[in-house]
Amino acid sequence: MLAYGGKILRINLSKGKITTENLSEDLIKNYVGGRGFAARLLYDELKPGVDPLSPDNKLLIASGPLSGLFVPGAGKTTFASKSPATGSYGDSNVGGMLAPEIKYAGYDVIILEGKAVQPSYIYIENDKVEIRDAKKYWGRGAITTEKMLKEDLGEQFQIATIGPAGEKLVKFACISHDFGRQAGRTGVGTVMGSKNIKAIAIRGTRSLKMKDPKLLKKLSSDIIAIGQKHPNTKLFIEQGTASVTNWSNEQGAFPTRNFQSGYFEDHKKISGDVMIKETIVTNKACFGCPMACGKYAKTRKNNRDYYVEGPEYETAAMIGGDCAIGNIHDLTYANWLCDELGVDTISGGSVIAFAMECYEKGIITDKDTGGVKLKFGDIDSFEKILRQIVNREGIGDLLAEGVRVAAAKLGQNSGKFAMEVKGLEISGYESRKAPAMLLSYMTCDIGGHHNRAWAITHDIAVGRDKIEGKAPKVIELQHQRPIFDMLGCCRLQWVELETPLDYYSQVLTAATGIKFTLDDLIKASERVWNLTRLFLIRESKDFSRKVDYPPARFYEEKVQTGPTKDSMATKEQVNQLLDEYYEFRGWDKDGRPKAEKLKELGL
Amino acid sequence: MKIKLGGYGVLKNYVGPAENGREIDIAESKPIKDIIKEMNIPDGMVMLISVNDEQKNFDYLPQEGDDIKLIPPISGG
């Protein structure tokens, strides 16, 4: 089994039982790795209806076949579980160095099942696997814990850890790695906390065999050469993803004040070029990356220096614009707070923006906040409410459940501006004048997330008011982009630097010796997309197309300011988008895959 | 006045590839934003403009022999 680790490591935390299983050829051929393995294994192994925070749920940590090889950006790891945010399949991806280390230890997937009897961490050094006591680390911040574990075990260990938010089962807790990278979405950190697992420390010293290392090296060298000629390499090295902040505002696509607007008047104070002048200390790269898009930054507050990787564009959008924090130092500090406490900056920003609007409207009062005057743009009240959420104090205990649950409890029509799809808070693009992007959010298989199909440029190219014809492009992207989450490799070399997509099927074939064409990879990606849809259907009571509806704000309320001022989708347009999408997917009018589609995909 | 114009990513569809920019003749110097409009490139499709490998803004007035490359938005996180 070339290029793969070859084994699944299963750790039953309740029984303290540790076993390994061989990977099956069927799993490889049909699901490739990473997200593909995770979706198939979770679908097969989880009983329908399990509580996401019960010992019956499982947390999978999956590498891909390219992870750890001489391939640019081959350091991506997928964390997956039944999501406490959506109640369906959830995954989140993190860069860094973790997946290569999993492979070098001899594994492709680590499965955590059951629940440890006390706070613990997982120690893996090749075949030596132990569930160790973590009392020393419990209660500590995620960045602090990673540093402590590196000091205790050695710099060579790669660490994934949760912060206090995961311990307190905040529904949008993330898993942190490499001092500032996060598997942020779908509450994977919450599931880890529910299992009493503070961290995973892993060290592998094996080598990986490949079918044709010379060809693989040539292909990878080509990918690097293509990227080095592209101007976006320089852009990413200078500013990282924050380089898109100004453009997003110019398009009226920057979520502002809980998506009331798509333009933040202070965006030029938090953009990538301001970071260069004010906060960036150095650049930071994931495994095998020639681009180093991570921006390691420093800010100072209350006579203390704070170091953090970021803010990335999404953090700038969801804390900067959506909470109206228009100062780069305040934003950098807010980023550090979320990272140390173990909170996803996307959902965390959205939840606090929602609370700020509720406070503005009198739905939340001083009595609920313990006297905190929760206002847009105020970093101090942002911090106080964030800490209430993480400590589950006062209104924070409700907000810790995410905007869907909080709105259901608070009532007063707050569900209209609870900005989520399927229970997952929407990430950083205002989409009322971008139907393809809106459809992307509506149909993303993990809930309101952008990265499966970043389609806003398609809207701009073919017409932002046009509805018809948007679905095929969204579907095409939903199949192409997740291929990288299956391969365990960063997509930026393709999507930003224009490496042809078929390079990756050639790389995979050279590595594994198994003939994969680009069509095979796209078909596998479509298979996974339909499988996660089946997961959602299995877990839904009264399943209907309503699961794909966006928040009512998008079709009942106009954008208030900026270039997209007065734009709004309509309910009819929402249904029109879904009708076309379901038809092109081979799904019925409620969004269920038809029998012939499942047969075609071998499901 | 002759300039070279090309694009990256989706902008290739409008002005051809940046690595092999096509030569165009403009009667008089005018802001690059006007040339972009004349090429029927939708508003918002160009995020950055590179002229002779230096970043310029949309009001830049092209000079004889400039090698202009149009860069589409990145997908931000």
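Analyst: Helices (H or I, at least four residues) and strands (E, at least two) are DSSP runs, numbered from the N terminus. With that in hand, B:R22 has its place in strand β2 (residues 22–25) of chain B. Before going further, a word on the ground rules: this is a predicted model, where local features need pLDDT of at least 70, side-chain atom pairs count only at pLDDT 80 or more, and totals for chains, interfaces and linings use all residues. Residues are numbered from 1 along each chain as its sequence is written, chains are lettered from A and ligands numbered from 1 in the order in which they are written, and side-chain values use heavy atoms, with hydrogens and water left out.

Back to the arginine. B:R22 is partly exposed because its relative accessibility is 38%, where buried means under 20% relative accessible area, exposed over 50% and partly exposed in between (1.4 Å probe, protein chains only). Setting aside neighbours within four places in sequence, B:R22 is in contact (heavy atoms within 4.5 Å) with B:I3, B:K4, B:L5, B:Y14, B:V15 and B:G16. For B:D34, 12 residues away along the chain, the C-alpha separation from B:R22 is 17 Å.

Now the salt bridges (a side-chain nitrogen of Lys or Arg within 4 Å of a carboxyl oxygen of Asp or Glu). Over all chains, the structure holds 59 of them. In one, A:K269 pairs with A:D266, with the closest N and O atoms 3.3 Å apart; A:K269 is partly exposed at 47%, and A:D266 is partly exposed at 22%. Another joins A:R300 and A:D305 at 2.6 Å, N to O.

Finally, the cores, each a set of buried Ala, Val, Leu, Ile, Met, Phe, Trp, Tyr and Cys residues joined through side-chain atoms within 4.5 Å. The largest has 128 residues, and A:F354 and B:L70 have the most contacts inside it. Helix α13 (residues 345–360) of chain A gives this core its largest share, nine residues. A second, separate core of 52 residues includes A:Y89, A:W494, A:Y503 and A:F516. As for B:L70, its contacts beyond four places in sequence include B:L5, B:V15 and B:I36. B:L5 and B:V15 are also among the contacts of B:R22.
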